[in-house]
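Hello,

Here is the structure I promised to pass on. Please have a look, and my notes follow below.

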Amino acid sequence: MFTGTYQNSIDSKNRLIIPVKYREQLGGSCMLTRGFDKCLYIYSMEDWDVLVEKIKQLKQSDRDVRKFIREFFSNTEECHLDAQGRILIPQNLREYAGITKDLVTKGAMDKIEIWSAEVLESPEGENMMDDDEFVAKLDMYDL
């Protein structure tokens, strides 16, 4: 399970240093893909396999499912951590997430979220939940 929040950045070669805590859980490889809300997701290979099995169960005769599969997998890269624990973030994914330099890396249960600090902390605040919203969701889900 991925937890915690880390401030970091990409280097001049567009590489992200994966926090040490996450590296241990990822092993030497991971899957980097487009996430929701203008962030990127990193999955361990094990969690990726679970997700792929769920996607395989979708009816590919449905045009929307085919479009989703096409978009999702064409924006996914298998990454191998280098000796310093870095992965390359491809241009198409950097552009989608608005990543230029400063990042926020967040554990999100079965995945890691990579956010542009600017997008995450935007004045609209659409990507963050205030205390009242948080409590309402806890109540709604009976947690």
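**Sheet and helices**

Strands E1 and E7 (residues 102-108) run antiparallel and are joined by 5 bridges, where two strands pair if DSSP finds at least two bridges between them. Helices (H or I, at least four residues) and strands (E, at least two) are DSSP runs, numbered from the N terminus. Thr5 has Lys106 of E7 opposite.

Before you read on: this is a predicted model, in which local features need pLDDT of at least 70 and side-chain atom pairs count only at pLDDT 80 or more, while totals for chains, interfaces and linings use all residues. Residues are numbered from 1 along each chain as its sequence is written, and side-chain values use heavy atoms, with hydrogens and water left out.

The open sheet has 6 strands in the order E1-E7-E8-E4-E3-E5, with antiparallel pairing. Its edges are E1 (5-9) and E5 (76-80), each with a single partner strand, so one side of each lacks a neighbour in the sheet.

Now the helices. The axes of H2 (residues 45-56) and H3 (residues 63-74) come within 12 Å and cross at roughly 160 degrees (axes are lines fitted to C-alpha atoms, for helices over the stretch in contact; angles run from 0 to 180 degrees between N-to-C directions). That makes H2 roughly antiparallel to H3 (angles over 145 degrees). The contact (heavy atoms within 4.5 Å) is made by Trp48, Leu51, Val52 and Ile55 of H2 and Phe68, Ile69, Phe72 and Phe73 of H3.

H2 also lies across E3 (29-34), E4 (40-44) and E5, at about 105 degrees to E4.

Best wishes

How values were computed. Parallel < 35°, antiparallel > 145°, perpendicular 65-115°, else oblique.
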